[in-house]
Protein chains: 2
Amino acid sequence: MGVSAPTVAYPKLADFMCFAIYSTNLAYGRAYRPILEELGVTYTQWIAIVALWEEDNQTVGSLGEKLFLESNTLTPILKKLETLGFLRRGRDPKDERQVIISLTDAGRALREKGAQRTLVKASGLNQDEFRALQRSITTLRDNLVRHATNDNENSL
Amino acid sequence: MGVSAPTVAYPKLADFMCFAIYSTNLAYGRAYRPILEELGVTYTQWIAIVALWEEDNQTVGSLGEKLFLESNTLTPILKKLETLGFLRRGRDPKDERQVIISLTDAGRALREKGAQRTLVKASGLNQDEFRALQRSITTLRDNLVRHATNDNENSL
DNA sequence: TCCGATTAAATCGTATACGATTTATGTGAA
DNA sequence: TTCACATAAATCGTATACGATTTAATCGGA
């Protein structure tokens, strides 16, 4: 009885979806590192550039929604990218609470430089598998976000 | 020519597999937080406990292989878990370079307490979809690891 | 046996994440 | 008009990740 050797069949680490995601995220970080090193930015800095290329002159909040990050994480990253010369930060004159982020020429050039570099081949999947997998993961993410937003009313 | 508005059709953030994984990892962290708060540990601390339950008395290196982490990340986490009373750390008398990690009774009790809590329902997937997705992600991860290990010989 | 190479963990510096709080600004109803 | 409330960023403290280095122990060939 009680605590002793693993006699009960608890799920193993390899059975956890969260661990599959977690470890794949680590693997992506490592696979991307050499590419990003060439560009001179980190992973999070890079996705911020990509999101700004898609839509420039966003507020910190709007950018955060797209990156699933809040100002406490984003602000230091944006400040860093500003000192690196890739973007500008300025208060919105219409609403001084908000900060508008805009890419500089250097930031746009960086986006173009990095555009060619992706890791599709490293995934070992064909295009159909790749797309299907991506859709499934996105669905999973959106379900999790919805779950968390609902203040997870005990439905685990 | 050159840098200007996004006239070229570069892939969007939503098209990046790495971003799907990255954002899902953030979502999992948030979804699990309330559960882990009850247990009094963080996510990484928890997966260390799970891995040790599966195989107790592992070295830091062996544990790191399973968690995809190295000693620079793992050591502080294990020290923290030691001060929390969930495990013990001790040098291997056979090879003083190695540190053996063993769960305490409190650590095993924690594993049992947390065993009931998973987020399968929150994923919004049925059991077959869930398993298939997990297998695909794991394959992706292993391919990425292999790619990185091969010192990524320019095959992006 | 002895000493250079190897190995395992730990240490250090930098960059995320994030809960909680703070600061600055805007808004609306009394 | 004004003041309590709301909102947007920023700040702060804690906990990961990880490259690079350091420390300590082991190994192996001359």
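**Interface, DNA contacts and salt bridges**

Author: Between chain B and chain A the count of salt bridges is zero. The model is a predicted one.

Reader: What, then, makes up the contact between chain B and chain A?

Author: On the side of chain B, 70 residues are in contact with 69 residues of chain A. The two chains bury about 7000 Å² between them, and 68% of this area lies on carbon and sulfur atoms. The interface of chain B and chain A also holds 17 residue pairs in polar contact, both members being at pLDDT 80 or more.

Reader: Which elements of chain B give two or more residues to the side that touches chain A?

Author: They are helix H1 (17-39), helix H2 (43-54), helix H3 (60-67), helix H5 (105-115) and helix H6 (127-149) of chain B. H1(B) gives the most, with 17 residues. By class, this side of chain B has 42 nonpolar, 16 polar and twelve charged residues.

Reader: Which residues come nearest to DNA strand C?

Author: There are 26 residues around DNA strand C, and those that come nearest are A:Thr42, B:Tyr22, B:Arg30, B:Thr75 and B:Arg89. Of the atoms of DNA strand C that come within 4 Å of the protein, sugar and phosphate account for 71%. By class, the surface near DNA strand C has five nonpolar, eleven polar and ten charged residues.

Reader: How do you know that B:Thr75 makes a polar contact with a phosphate oxygen of DNA strand C?

Author: An N or O atom in the side chain of B:Thr75 is 2.4 Å from a phosphate oxygen of DNA strand C. The criterion asks for a pair of N or O atoms within 3.5 Å, so the label applies to B:Thr75. For B:Gly61 a backbone N or O atom lies 2.8 Å from a phosphate oxygen of DNA strand C.

Reader: Why is the pair A:Arg89 and A:Glu82 called a salt bridge?

Author: The closest N and O atoms of A:Arg89 and A:Glu82 are 3.2 Å apart. The cut-off is 4 Å between a side-chain nitrogen of Lys or Arg and a carboxyl oxygen of Asp or Glu, and therefore the pair qualifies. A:Arg89 has a relative accessible area of 28% and A:Glu82 one of 29%, so each counts as partly exposed.

Reader: Why is A:Arg141 called buried, whereas A:Asp142 is called partly exposed?

Author: These two side chains meet in a salt bridge at 3.2 Å, N to O. A:Arg141 has a relative accessible area of 10%, under the 20% limit, and is therefore buried. A:Asp142 has 31%, between 20% and 50%, and is therefore partly exposed.

Reader: What makes the salt bridge of B:Asp56 and B:Arg108 a tie between parts apart in sequence?

Author: The side chains of B:Asp56 and B:Arg108 meet at 3.6 Å, N to O. B:Asp56 lies in the loop between H2 and strand E1 (58-59) of chain B and B:Arg108 in helix H5 of chain B, so the pair ties together parts that are 52 residues apart in sequence. B:Asp56 is partly exposed at 26%, while B:Arg108, at 16% relative accessibility, counts as buried.

Reader: Which residues do salt bridges with shared partners join into one network?

Author: A:Asp56, A:Asp105 and A:Arg108 are joined in this way. Over all chains, a search of the whole structure finds twelve salt bridges.

Notes
Residues are numbered from 1 along each chain as its sequence is written. Chains are lettered from A and ligands numbered from 1 in the order in which they are written. Side-chain values use heavy atoms; hydrogens and water are left out. Contact means heavy atoms within 4.5 Å. Buried area is the accessible area (1.4 Å probe) that two parts lose on being put together, summed over both. A polar contact is a pair of N or O atoms within 3.5 Å; within protein, one must be able to donate a hydrogen and the other to accept it, and residues adjacent in sequence count only if both atoms are side-chain atoms. Helices (H or I, at least four residues) and strands (E, at least two) are DSSP runs, numbered from the N terminus. Ala, Val, Leu, Ile, Met, Phe, Trp, Tyr, Cys and Pro count as nonpolar, Asp, Glu, Lys and Arg as charged, and the others, Gly among them, as polar. A residue is near a molecule or strand if one of its heavy atoms lies within 4 Å of it. Buried means under 20% relative accessible area, exposed over 50%, partly exposed in between (1.4 Å probe, protein chains only).
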